[in-house]
Every structure is written in structure tokens, then in C-alpha cells.
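Subject: Structure handover

Hello,

Here is the structure for your files.

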Amino acid sequence: MKPKLSKAAIQLREQIDDSFPDRERASDGWIGDTRHAARKSDHNPDEQGWVRAIDVDRDLFKGSKPDIMPDLVDQLRRACRAKQEIRISYIIFDGFIYSSQYRFIKRKYKGANPHKKHAHFSFKKEADLLGEFYQVSMLGGD
């Protein structure tokens, strides 16, 4: 079965691309590599072919100045915490994880990759067909 990316993930990636058209994309991705395939990962297609994760390069401006990915992650995290955004399951960035399970409170991430060069966004299964606009100011929302 051909892999297909969650519509929630597609929408977030498109809004980031529209808001930061010249951004670096070296660390972007959505399909798991062989390392991901060996373990459970939202980058791996499920039985129906759905992939529920994207990585977005930290460098939203070529050359990393200013470094505003922390601000974007915080806006998305706050929207999730306030339940204004319900499609994101968790975010990993810069050595920390923010998850729906813990109300998007900042916690130290203990995985092998601290996600310093990119932000990882994982999406809920219920969001597979939900491609509505993200209402965060850095991405053109309210």
C-alpha cells in the first residue's frame, strides 16, 4: 500500500512553507528510514498506509538568524494546551517533548535524538482527514 501523509500534517507543512518560503529543508521528512522501520514510529505507515509525523528543519530563515522555531513550537504547544488545536499528539524539539498525554507541559525528552536540528510533530489518528487551517499567528492564523 502506498504511504499517505495525514491531512493535518500536510496542512501544517504547507502553512510553514507558505509562511517561510526560503526556509532550510535539509532536516525535513515524513517517511521513516530503515532506522525508523525497525521500531514503532509515527513516521512508519500504519496498516492503511497513513503516516502521522513530519519533521521540519529548525532553520525557518536560511542562515538560522533569527532562530524562531522555538517560538513556532511554543505557539503550537499553547494552542494544543488550550484545546484550540486538537490534531497534534505530541511535539519533540530541542531536547524536550510536549504531549497531549501530559497537557503539553514541557518535559525533558529521553530519546536518542534530541531533535535539535528539526522539530518533530506527530498527529492523532483522528486527524488523518482533518486538513483545516492552523490558527497560530506565525502561520497566518488568529
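Below are the conventions, then the findings.

This is a predicted model, in which local features need pLDDT of at least 70 and side-chain atom pairs count only at pLDDT 80 or more, while totals for chains, interfaces and linings use all residues. Residues are numbered from 1 along each chain as its sequence is written, and side-chain values use heavy atoms, with hydrogens and water left out.

Helices (H or I, at least four residues) and strands (E, at least two) are DSSP runs, numbered from the N terminus.

Aromatic pair. The whole structure has one: Phe20 and Phe61, edge-to-face, 5.7 Å centre to centre, with 90° between the planes (centres within 6.5 Å; under 30 degrees stacked, over 60 edge-to-face, the rest tilted). Phe20 lies in the loop between α1 and α2 (34–37) and Phe61 in the loop between β3 and α3, so the pair ties together parts 41 residues apart in sequence. Phe20 is buried at 7% relative accessibility; Phe61 is partly exposed at 32%.

Charges over rings (NZ of Lys or CZ of Arg within 6 Å of the ring centre and within 35 degrees of the ring normal). Arg87 has its charged end over the ring of Tyr134, 3.7 Å from the centre. The charged end of Lys106 is over the Phe96 ring, at 4.3 Å from its centre.

Regards

Key:
Phe/Tyr/Trp six-rings, centres within 6.5 Å; stacked < 30°, edge-to-face > 60°. Buried < 20%, exposed > 50% of the residue type's maximum accessible area, 1.4 Å probe, protein only.
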